[in-house]
Amino acid sequence: MTDEVIFSKEIEKIIENIDSSKLSGKIGIKTHFGEEGNETYLNPKLVKAIYEKLISLDFEVALIECNVLYQGSRTDKKSHIETAKKHGFDFAPIDILDGQDGKEEIHLEIEKGRVGKGLQKYDSLVVLSHFKGHVAAGFGGAFKNLGMGLGSRAGKLAMHSDVSPSISSEKCIKCGDCIENCDVEAIRMAQNGAVIDSKICIGCAMCIAICKEKAVNIPWGGSTSKELQEKIVDYSSAIINRMNQRLVYINVLKNITEDCDCVGKPMQPMMEDVGILLSEDPVAIESASLDLVDEVSDGHFKEINSVDNRLKINYAERLNLGTRNYQLKVIK
Ligand code: SF4
Ligand code: SF4
């Protein structure tokens, strides 16, 4: 693995520098289609340019994702693909790796590690990430896209919290859908609404996805930011091992917002566009991205929330996933 990070303002220059010998077999481009209502997600034209380059090299390629944890436009496979197409990602096959309802998963070799089952079909990954802020993880880049993004719904819940979901009696209309869909019978109906028995709950997160009233609370605060960031890197590390290092990383530092593309409303970019980065080293590309964004935002990016946004890369370097001492190669 090289510590080189290539920087350019133009996607064509980045594409010319992708080392295709690093990739083999069936390639998944892991990206993020943006929640409905969001307008600053990754530009589909840029994704299309990378897809077409890989197709021209005779690779079999698909855009890959997993369903989200919360109720939204990407909670199940059908609505997820509809949202993707509505957002302009209609030029390539889309593969939602954890299936229609987020239940299809495989277990990684780490504690509670659960990712979309469809990952087994892929030999190599292009981790194509929109760089932006994130309230709990400091920022969203390659690790967040890979580790959190490929987590099945249960995997995502496990990263966010060690605590079971709970049900709001004010919102619950006692429809019973969650009870019917809980495979381990952890939910019962009480006088004021459904109740989860945390001793039985296995954290599959199905009740969160099924409740149309949004009465099932996700325990967002169940992990500290440090725990969340380390779990994201643990998941990333397990996926990198599983893929035998056949990954390349592209971080797009454009339309940088304070919050992530899961926010279903328009947001203003907080700073001018920086450019696009390419590397085979996830720690190097994340370090270079943060350094560039800090420089261009005059230090403002690191102040957008109270989280230490270098935790992920420091931890990843300790796990030998790469180096923070990258070499930046600027291509005009
Ligand atoms: S699905 Fe939601 S509204 Fe229906 S019983 Fe369960 S928590 Fe209550
Ligand atoms: S998270 Fe899964 S196991 Fe736990 S209560 Fe909800 S549906 Fe049941």
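Reply: **The helices around α8 and α10**

Helix α8 (residues 225-242) packs against helix α10 (residues 311-318) at an angle of about 45 degrees, and their axes are 9 Å apart. The model is a predicted one, in which local features need pLDDT of at least 70 and side-chain atom pairs count only at pLDDT 80 or more, while totals for chains, interfaces and linings use all residues. Residues are numbered from 1 along each chain as its sequence is written, chains are lettered from A and ligands numbered from 1 in the order in which they are written, and side-chain values use heavy atoms, with hydrogens and water left out.

Some terms apply throughout. Helices (H or I, at least four residues) and strands (E, at least two) are DSSP runs, numbered from the N terminus. Axes are lines fitted to C-alpha atoms, for helices over the stretch in contact, and angles run from 0 to 180 degrees between N-to-C directions. An angle under 35 degrees is called roughly parallel, one over 145 roughly antiparallel, one of 65 to 115 roughly perpendicular, and the rest oblique.

By that scheme, α8 and α10 are oblique to each other. Their crossing is right-handed, a term for the near helix being turned clockwise from the far one by less than a right angle, with anticlockwise giving left-handed. On the α8 side, K226, Q229, E230, I232, V233 and D234 meet L311, K312, Y315, A316 and R318 of α10, where contact means heavy atoms within 4.5 Å. The residues of this contact divide into five nonpolar, one polar and five charged; Ala, Val, Leu, Ile, Met, Phe, Trp, Tyr, Cys and Pro count as nonpolar, Asp, Glu, Lys and Arg as charged, and the others, Gly among them, as polar.

Helix α8 also packs against helix α5 (residues 153-160), here at about 140 degrees with the axes 8 Å apart. This pair, too, is oblique. G155, A158, M159 and H160 of α5 meet L228, K231, I232 and Y235 of α8, and the contact comprises five nonpolar, two polar and one charged residue. I232 therefore figures both in the contact with α10 and in the contact with α5. H160, within α5, is buried at 11% relative accessibility, given that buried means under 20% relative accessible area, exposed over 50% and partly exposed in between (1.4 Å probe, protein chains only). Not counting residues up to four places away in sequence, H160 touches L69, M148, P219, W220, G222, S223 and L228.

On the other partner, α10, a further helix packs. The axes of α9 and α10 come within 10 Å and cross at roughly 155 degrees. That angle makes α9 roughly antiparallel to α10. The crossing is left-handed, and V283, E286, S287 and L290 of α9 form the contact with I313, A316 and E317 of α10. By class, the residues of this contact are four nonpolar, one polar and two charged.

The loop between α9 (282-296) and α10 holds N309, which is buried, with a relative accessible area of 6%. Most residues other than glycine have a negative phi.

V296 lies in helix α9. At 33% relative accessibility, V296 is partly exposed, and it touches M271, E272 and V274, with residues up to four places away in sequence not counted. The C-alpha atom of V296 is separated by 50 Å from that of A194, 102 residues apart along the chain.

Q245 has a positive phi of about 70 degrees although it is not a glycine, and with a relative accessible area of 38% it is partly exposed.
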